[in-house]
Amino acid sequence: MVQMNDSNKFKVLTAIYSFYDLFLKDFSLACRKGCHVCCTVNIVATSIEAKYLLGSSFFDNPDPKKLLASMAMGSVYRPSLSTNQIADFCLRQEEFPPDTGKHGEGTCPFLDRVGLCSVYERRPFACRAMSSTEVCQNGSEADMEPFLITVNLAIHQIIEHLDKEGVSGNLIDVLNKLVNNQGINTDSSDSLVSNRALPGFLVSPDEQERFRAVMRRFADFQVGDTTLGSFFWDFL
Ligand code: SF4
């Protein structure tokens, strides 16, 4: 993939989101406007998604730094490995360090008083990927077809690849880091993890054919006067 600036990455990112919206139409989902059981403090995002989210009108605020600082919470899920790191370990059939991140309690700070997302158009993929064939209840798990989980993982990996010089972490942590101009480098004491290039997909033998068909549709999806495949020719 050629080096791209953020504005070009946003075009690719929004094309991925649009592709995914279309892809989801193949599934019968119970998710409806106002459902928000999955809107918790534990959302993980890449730095490119957080930068894109910062363009939301929600941040047309006199003091976005203060606003975000007020959203920061101590006890939230913070991943210790990126999605592509985990995929790499799995593909090499190596054991990997256990994820030490603990899930925190509470709803996402972007959820408004009537249960709607204040940044819906720019929400990260982790939010888009949460869906269920049954209406979710508090404390219950979403009911998702295994193939959808496979494709969700693949799209997470592709977005991380798009942002491979960036980081991943709890959404609010990444946003706070960005608005405070602290850069996006990580070190061992940081709450963020470095992104990686895509090492390959995790697809079971019985899903291979269906997965390849989805990836062909993905590669042919239009972005301006080109296609998504032209940005990811190295693995599509
Ligand atoms: S960003 Fe929006 S969709 Fe995502 S968890 Fe928060 S309120 Fe829900």
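In the predicted model, 80% of the contacts in the protein chain between residues at least 6 apart in sequence join residues at least 24 apart. The protein chain has a radius of gyration of 17 Å, which agrees with the value near 18 Å that a compact globule of 236 residues would have. Along the principal axes, its C-alpha atoms fill a box of roughly 50 × 45 × 40 Å. Of the 236 residues, 27% are buried.

The secondary structure of the protein chain consists of 8 helices and 5 strands. Their order along the sequence is α-β-α-α-α-α-α-β-α-β-α-β-β.

The ligand is surrounded by Cys-39, Ile-43, Cys-108, Phe-110, Leu-111, Cys-117, Val-119, Arg-123 and Cys-127. Sorted by class, this shell holds 8 nonpolar residues and 1 charged residue, with no polar residues. Cysteines in the shell include Cys-39 and Cys-108.

Lys-164 was examined individually. This residue is located in the loop that runs between helix H6 (146-162) and strand S2 (167-170). Lys-164 counts as partly exposed because 16 C-beta neighbours lie inside 10 Å, whereas a buried residue would need 20 or more and an exposed one 12 or fewer. When neighbours within four places in sequence are left aside, Lys-164 is in contact with Asn-195, Arg-196 and Ala-197. Lys-11 is 153 residues away from Lys-164 along the chain, and the C-alpha atoms of the two are separated by 16 Å.

Note on methods
Residues numbered from 1 in each chain as written. Predicted model: local features only at pLDDT ≥ 70, side-chain atom pairs only at ≥ 80, totals over all residues. Near = placed C-beta within 6 Å. Nonpolar A, V, L, I, M, F, W, Y, C, P; charged D, E, K, R; others polar. Helix = DSSP H or I, 4+ residues; strand = E, 2+ residues; numbered from the N terminus. Rg over C-alpha atoms; globule rule 2.2 N^0.38 Å. Contact = placed C-beta atoms within 7 Å.
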